[in-house]
Amino acid sequence: MGKSLLFFFKSQRFWLSGPATLLVSLLFMLAMAVWFPPGVGNVNNIILPLVLLPLIWAILFFYTYLTTNMRKAQWLLVALFVVNSAILTFKFLG
Amino acid sequence: MDQNTSAFRSKAKALLSLHSWSGIVLGMLLYAVIFTGTVAVVADEIGEWSNSNYPQRLMLTSDVNETVKRLSAQTPKEYLDEISAYENDRQQLVYFFHTHKQNPSGDMDEYGVQYALNSQGEIVTEKTGFGSDIYAQDDTYALSRFLVSIHTELHIPSPWGLILTGILGLAMLIASVSGFMMHRHLFIDMFSIRKQRDGQSLKRDSHTVAGTWSIPFAILLAFTGSFFSFSTAFGIPAMGIVAFGGDQEALMYAMVGEQQNKSEARMASANLNLMLQDAVQRQSAAPTFLSISHIGTESASVLAFFMPNEGKVGYEQLVYDGTNGDFVEYKPIVGSVPSLGSSILSLIYPIHFGTFAGLWSKIIWISLGVAACYVTISGLQLYAHRNQKNESSWQWYSRLCVWGFFGLPLCSLASTVGFFVSGSLGTNQSVWTQLSFVISAALISVLSLSIKNIHLLKKVLLAGNGLFCLILPMLRYTTSGTGWLQALQHNMMAMMFIEMTLLFCSVWCFFALYKSMQFDQQNINQTNTSFSTQETAK
Amino acid sequence: MNHLIMTLPFIMYSLAIVFLLAHTDPRRRQLSNKTDNTTNRKFVLSVAGRKLLAWSLILPFIPLAAMANYAGILMYAGAVTVIGWAVSELPTSVV
């Protein structure tokens with residue numbers, strides 16, 4: 001049991017599909033508030049990211065969990081992380 | 001080709017392990033959320049039933065305008081910012097005069113004086129405090145509030161409970177999507193449940209068939225549920241930080257769709273009764289609640305909230321100009337003008353709650369909940385059953401399943417008994433409803449650990465559930481004195497519905513008990529006959 | 001109230017269709033024949049016919065949408081999934 005647990009935490013896929021996906025989808029949601037058009041009601045950029053969060057997370061999760069090309073998945077998450085962090089940094093510092 | 005099939009197989013294997021692990025780790029908590037969610041569909045009905053009440057339409061029969069004037073005169077000025085009014089489940093009209101400020105836990109809250117008036121317009125109770133505190137201590141909703149709170153946050157302090165239920169929603173999403181993806185013969189096996197040699201349905205087939213049919217709504221409910229949890233736990237404030245630079249008040253005004261810093265110049269307000277009459281005429285229904293803002297000023301406005309009506313699925317909010325009583329608009333749920341966000345929200349509410357067409361839609365949503373419960377139960381039992389045969393160290397898991405599946409309904413029923421008994425003794429119902437749940441949970445846990453035979457344990461808990469379902473209507477009658485004849489006379493649909501559901505559940509429990517007894521008897525007979533044939537062969 | 005009563009016939013329709021689909025389901029029949037040979041089933045539908053029948057479950061959405069009965073649409077969708085499950089759970093002696 002102990003060994004398999006160790007193996008579990010050593011597995012790259014666990015870190016990719018677990019914490020990394022969660023972090024990236026949260027960043028995606030927050031950054032969306034910046035670039036999503038608020039519309040005439042001025043609420044679309046708040047409501048839609050919130051609604052889409054479970055969906056974005058689910059898509060990223062199933063992709064990273066099932067893909068055979070781990071490297072590609074890794075780079076996708078890194079790219080999303082960088083782009084969304086850049087948007088947020090620009091918003092708060094720019 | 002070979003590589004393709006092996007990749008497919010490993011993918012199927014990965015999906016299966018995802019499906020089972022998401023179920024095994026979070027399945028029991030997920031069952032708790034789904035079960036109480038099914039109950040929460042009829043939370044309003046449970047509220048009415050637990051108080052033996054029926055809607056009096058007090059907002060239409062009493063003079064709201066005169067009452068608001070009278071109460072305004074005796075209420076501190078700062079609480080006249082906003083007045084909300086609704087009819088509670090004890091035939092009282094509740095007025096809450098309040099302003100908005102941060103509560104001790106740092107959230108924006110309502111603060112002011114709450115009056116409960118009886119049908120003659122006399123003040124029955126008067127409380128001052130934060131809106132969330134007053135609601136949390138209101139005995140009227142002790143039972144329905146307790147049950148709904150298990151569903152929304154499992155009674156874990158905010159925001160952790162909400163985060164946990166949000167994660168459970170995601171787990172349910174994973175389980176249903178992976179279940180859908182790994183089933184290759186989805187449409188072929190849609191109707192077929194194989195039988196075991198002893199005549200009972202194969203658990204695996206029952207699980208897949210129920211799962212297949214409930215996939216669309218399982219995904220929808222899980223998706224909308226995790227949205228509710230996450231957005232209330234951290235989503236909305238977090239978005240406020242990004243979109244409004246942390247100005248929570250500006251965020252609130254954008255969501256509510258109101259201008260900040262309204263004119264506070266004194267100006268007489270129009271007659272509230274006339275606005276109410278107009279709203280009722282437009283909707284041909286009684287409003288659920290009324291919200292009067294900035295009364296007596298230039299920016300006075302009145303909002304009447306209605307449940308969905310005439311084939312619509314969204315809530316309706318009618319806004320009136322408080323100074324002249326003119327109808328202004330149908331206000332969207334969020335923001336000041338109709339938007340994509342508000343129409344999506346107005347769809348998410350009915351899809352998740354099932355409260356868009358009275359009892360009819362609620363019955364269907366309860367059935368969806370029962371189906372989802374069945375999928376969770378049968379899935380976990382499948383796992384427990386498989387491991388029960390192989391390893392004795394997994395015996396505890398089967399026991400845990402029985403404890404959870406039969407224990408939670410029993411505890412909920414026991415908390416209802418606590419509600420009624422404490423009500424008739426005149427003690428604090430909010431406390432005793434919770435306490436009875438905890439006490440019965442402890443008793444059931446002890447029982448689950450002490451009864452060695454797992455089949456006997458199952459039967460004892462099943463009998464307990466049946467008995468409590470049978471007792472509750474009688475208990476309600478003895479504590480309130482409102483019988484079925486009176487209920488029929490006053491058209492108390494909600495109360496009758498809950499009563500009938502309880503009786504139906506009771507019959508079902510005893511029938512299941514009878515069936516399992518019969519099944520055991522058959523097994524004993526079979527082993528006896530095989531034993532005797534062996535004897536004669538000798 | 002009216003729009004709720006208008007939804008009921010469609011739900012009854014879906015009950016009938018699902019019942020028929022379950023009755024003519026080849027896999028279900030194959031399994032029931034395995035355990036019980038006495039069931040007499042003369043009514044057979046072609047694969048195309050069953051497909052058509054299954055697709056006809058979508059038809060009620062058209063009149064419901066035309067009547068702007070959106071509550072009815074949601075209720076119908078929910079009811080179909082519950083009915084499907086309930087009918088599948090019925091013993092083979094019934095369906």
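Tutor: Let us begin with two terms. Two strands pair if DSSP finds at least two bridges between them. Helices (H or I, at least four residues) and strands (E, at least two) are DSSP runs, numbered from the N terminus. As for the source, this is a predicted model, in which local features need pLDDT of at least 70 and side-chain atom pairs count only at pLDDT 80 or more, while totals for chains, interfaces and linings use all residues. Residues are numbered from 1 along each chain as its sequence is written, and chains are lettered from A and ligands numbered from 1 in the order in which they are written.

Student: In S7(B), what is the bridge partner of Leu303(B)?

Tutor: The partner is Val319(B), in S7(B). Strand S6 and strand S7 (residues 316–321) of chain B pair in the antiparallel sense, over six bridges.

Student: Which residue of S6(B) is the bridge partner of Ile292(B)?

Tutor: Val302(B) is the partner of Ile292(B). Strand S5 (residues 289–293) of chain B pairs with S6(B) in the antiparallel sense over five bridges.

Student: Why is S6(B) described as largely enclosed by the rest of the structure?

Tutor: Five of the six residues of S6(B), which covers residues 301–306, are buried, so the strand is largely enclosed by the rest of the structure. A residue is buried if 20 or more other C-beta atoms lie within 10 Å of its own, exposed if 12 or fewer, and partly exposed in between, with C-beta atoms placed from the backbone.

Student: How many helices and strands does chain B have?

Tutor: Chain B has 17 helices and eight strands. Of its 538 residues, 41% count as buried. Its C-alpha atoms fill a box of roughly 105 × 65 × 40 Å, taken along the principal axes.

Student: What domains does the assignment give for chain B?

Tutor: It gives domain 1 (58–142 + 246–352), domain 2 (156–245 + 358–380) and domain 3 (391–529). Such bounds come from an automatic or database domain assignment. The C-alpha centres of domain 2 and domain 3 of chain B lie 24 Å apart.

Student: Where in chain B is confidence lowest, and where is it highest?

Tutor: The term here is pLDDT, the predictor's confidence in each residue, from 0 to 100. Confidence in chain B is lowest in H9(B), at a mean of 82, and highest in helix H14 (residues 429–450), at 96. The mean for chain B is 90, and 96% of its residues reach 70 or more.

Student: Let us change topic. How many residues of chain B are in contact with chain A?

Tutor: There are 32 residues of chain B in contact with 25 residues of chain A. Two residues are in contact if their C-beta atoms, placed from the backbone, lie within 7 Å. On the side of chain B that touches chain A, the largest share, 10 residues, comes from H8(B). That side divides into 22 nonpolar, nine polar and one charged. Here Ala, Val, Leu, Ile, Met, Phe, Trp, Tyr, Cys and Pro count as nonpolar, Asp, Glu, Lys and Arg as charged, and the others, Gly among them, as polar.

Student: And how many residues of chain C are in contact with chain B?

Tutor: In this case 23 residues of chain C are in contact with 29 residues of chain B. H5(C) gives the most to the side of chain C that touches chain B, with 13 residues. The residues of that side divide into 11 nonpolar, eight polar and four charged.

Student: Is H5(C) mostly covered or mostly exposed?

Tutor: H5(C) is mostly covered, with 15 of its 20 residues buried. The helix reaches 29 Å from its first C-alpha to its last, close to the 28 Å expected at 1.5 Å a residue. The expected span of a helix is 1.5 Å times one less than its number of residues.

Student: What covers the buried residues of H11(B)?

Tutor: The cover includes helix H3 (44–66) of chain A, H8 of chain B and H5 of chain C. The buried residues of H11(B) include Gly341(B), Leu345(B) and Ile348(B). H11(B) is followed by Gly354(B), whose phi is positive, near 70°.

Student: Lastly, which pattern does chain C follow along the sequence?

Tutor: Chain C follows the pattern α-α-α-α-α, with five helices and zero strands. Of its 95 residues, 32% count as buried.
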